[in-house]
Amino acid sequence: MCYAIPGKIKEIDGKTVVVDYFGQEKRAINEFYDLGVGDYVSAQGGFVIKKVSPAEAEETLLAWKELFFELQDMDLRLSGINLNQKNIDKGLRLILDKALENIPLVKKDLLYLLSLDRQQDKELFFKAANFLRQKYHQNACCVHGIIEISNFCNQSCQYCGIAASNRNLSRYRMSVTEVVEAAVEAVEKYGFQALILQSGEDSDYKLDDLVGIIEQVKNRCPVLIGVSFGEVGLDGLDRLYKAGARALLMRFESSNPEIFAKVHPGRTLDSRLAHIRKARDLGFIIMTGSLIGLPGQTREDIVNDIYLTKALGAEMYSFGPFLPHPDTPLAGCLPSNQEEVLKTLALIRFIDPETAKILVTTAFETLSSQARRLGLLSGANSVMLNVTPLKYRRHYAIYPDKADIYSEINDQIRETIDLLKSLGRAPTDLGISSDLVNNHEKK
Ligand code: 5AD
């Protein structure tokens, strides 16, 4: 099974190539390959990860062709909206008219959307977000894998189940070889083309080890590697980039410095943002966002979190619900809820319709069995599957009852592909933002 259909190069301008997927055009950065117009490539996250032989590409494309157009039609049907419905709330109607005409919304509009209460209004808001997703991104959907390589952590984030203070957790650290083998298996056996490697801030995992893992995986198979090891230092980021990592998954968790400080003893928002900005300058794809529903968070904070994500030049928005963990200081707090998460995802699509890749997070899938379907129908266009070896997976307990801790990779893949098919989505690459293209062209 493959999670990215190959595309044909239509144009080349410096490092930027325009890749055609059955008539849909997306841009990608080519760093390493000798390519000409008419060549076939696989791209992930807007980076060319391999050149594909014409024979192989044409065989895959032939197998996909009919299905692709069926999916495209289905997506178009599912993403239509009817603004002539009776009883639409007047305020909502005005905001939707603005958004659909590309007029920027002001904060008051955004807060209004977050405060919608009637079921029919919320549904229309979500549908409008889905409409915008289709308009700018068509039916492309990214499917990434994540491998959680160690649950040791020297930090004390108040919400997190793998924080250093939790003595009720059995800790594991995959060896370098185990990580490399798991990554290569995810690519070669299961067809993943983009993988995130994540861990707690594990002092015993030295930067040399992390660099070694990335280099070894890149040497063995074509894949886009994202890193999520916490605050490794600005030089650390540089080393991870040079080793071949091209995405950074690092949430700032809250754009409100007071909330940030309260839940991250010993850490500052400034230091977190410095990491993200440095990664951005280095040329990483930025995946960032916040926790929805942290104690003390207001709706205005959520809007500010989205604004900050956009200002950081994020390609992917990772916003998930806060879920209280019993072995943390925030155990007694209320969790976020499905509606609040869907509103946030939809609002992201309104604020950054053209660039945002929006992830349905595992935390949301843990909160609701319908999360993926509902999220993908409310503006989201990206999912992540957990490919951590099963024996370790349940110990990466950042929150309780995490989704997919017992499901075999094959089952997750089947369910995901079935869901994407039922929604008319296809695994073509989503391309890259103009900002990141410019950043790479300047190098
Ligand atoms: N609920 C939801 N998400 C959590 N994370 C950590 N603890 C929790 C929790 N209790 C998220 C953080 C972090 C990511 C790896 O996991 O946002 O960035």
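Figure 1. Strand E4 (residues 40-44) pairs with strand E5 (residues 47-52) in the antiparallel sense over 5 bridges. Two strands count as paired if DSSP finds at least two bridges between them. Strands (E, at least two residues) and helices (H or I, at least four) are DSSP runs, numbered from the N terminus. Ser 42 has Lys 50 of E5 as its bridge partner. With 2 residues between them, E4 and E5 form a hairpin, and Gly 45 in the turn has a positive phi of about 60°. The model is predicted, so local features need pLDDT of at least 70 and side-chain atom pairs count only at pLDDT 80 or more, whereas totals for chains, interfaces and linings use all residues. Residues are numbered from 1 along each chain as its sequence is written, and side-chain values use heavy atoms, with hydrogens and water left out.

Figure 2. The barrel has 8 strands in the order E6-E7-E8-E9-E10-E12-E14-E15, with parallel pairing. Within it, strand E9 (residues 247-249) and strand E10 (residues 285-288) run parallel and are joined by 3 bridges. Leu 249 stands opposite Met 287 in E10. Helix H9 (residues 269-282) packs on the sheet and touches E9 and E10, its direction making about 155° with that of E10. Contact means heavy atoms within 4.5 Å. Helix H15 (residues 409-423) lies across strand E6 (142-150) and strand E15 (382-386), and runs at about 165° to E15. Axes are lines fitted to C-alpha atoms, for helices over the stretch in contact, and angles run from 0 to 180 degrees between N-to-C directions.

**Figure 3. The packing of helices H2 and H3.** Helix H2 (residues 90-100) and helix H3 (residues 107-114) pack at an angle of about 125°, and their axes are 10 Å apart. H2 and H3 are therefore oblique to each other. Angles under 35 degrees count as roughly parallel, over 145 as roughly antiparallel, 65 to 115 as roughly perpendicular and the rest as oblique. H2 passes H3 in a left-handed crossing; a crossing is left-handed if the near helix is turned anticlockwise from the far one by less than a right angle, and right-handed if clockwise. Gly 91, Leu 92, Ile 95 and Lys 98 of H2 make the contact with Asp 109, Tyr 112 and Leu 113 of H3. By class, these are 4 nonpolar, 1 polar and 2 charged residues. Ala, Val, Leu, Ile, Met, Phe, Trp, Tyr, Cys and Pro count as nonpolar, Asp, Glu, Lys and Arg as charged, and the others, Gly among them, as polar.

Figure 4. The side chains of Lys 98 and Asp 109 meet in a salt bridge, at 2.8 Å from N to O. Lys 98 in helix H2 and Asp 109 in helix H3 are 11 residues apart. A salt bridge is a side-chain nitrogen of Lys or Arg within 4 Å of a carboxyl oxygen of Asp or Glu. By this rule the count comes to 27 salt bridges.

**Figure 5. The packing of helices H5 and H6.** Helix H5 (residues 176-188) packs against helix H6 (residues 207-220) at an angle of about 30°, with their axes 9 Å apart. H5 and H6 are therefore roughly parallel to each other. Their crossing is right-handed. Among the residues that meet are Val 176, Val 180 and Val 184 in H5, and Ile 213 and Val 217 in H6. The contact of H5 with H6 has 7 nonpolar, 1 polar and 4 charged residues.
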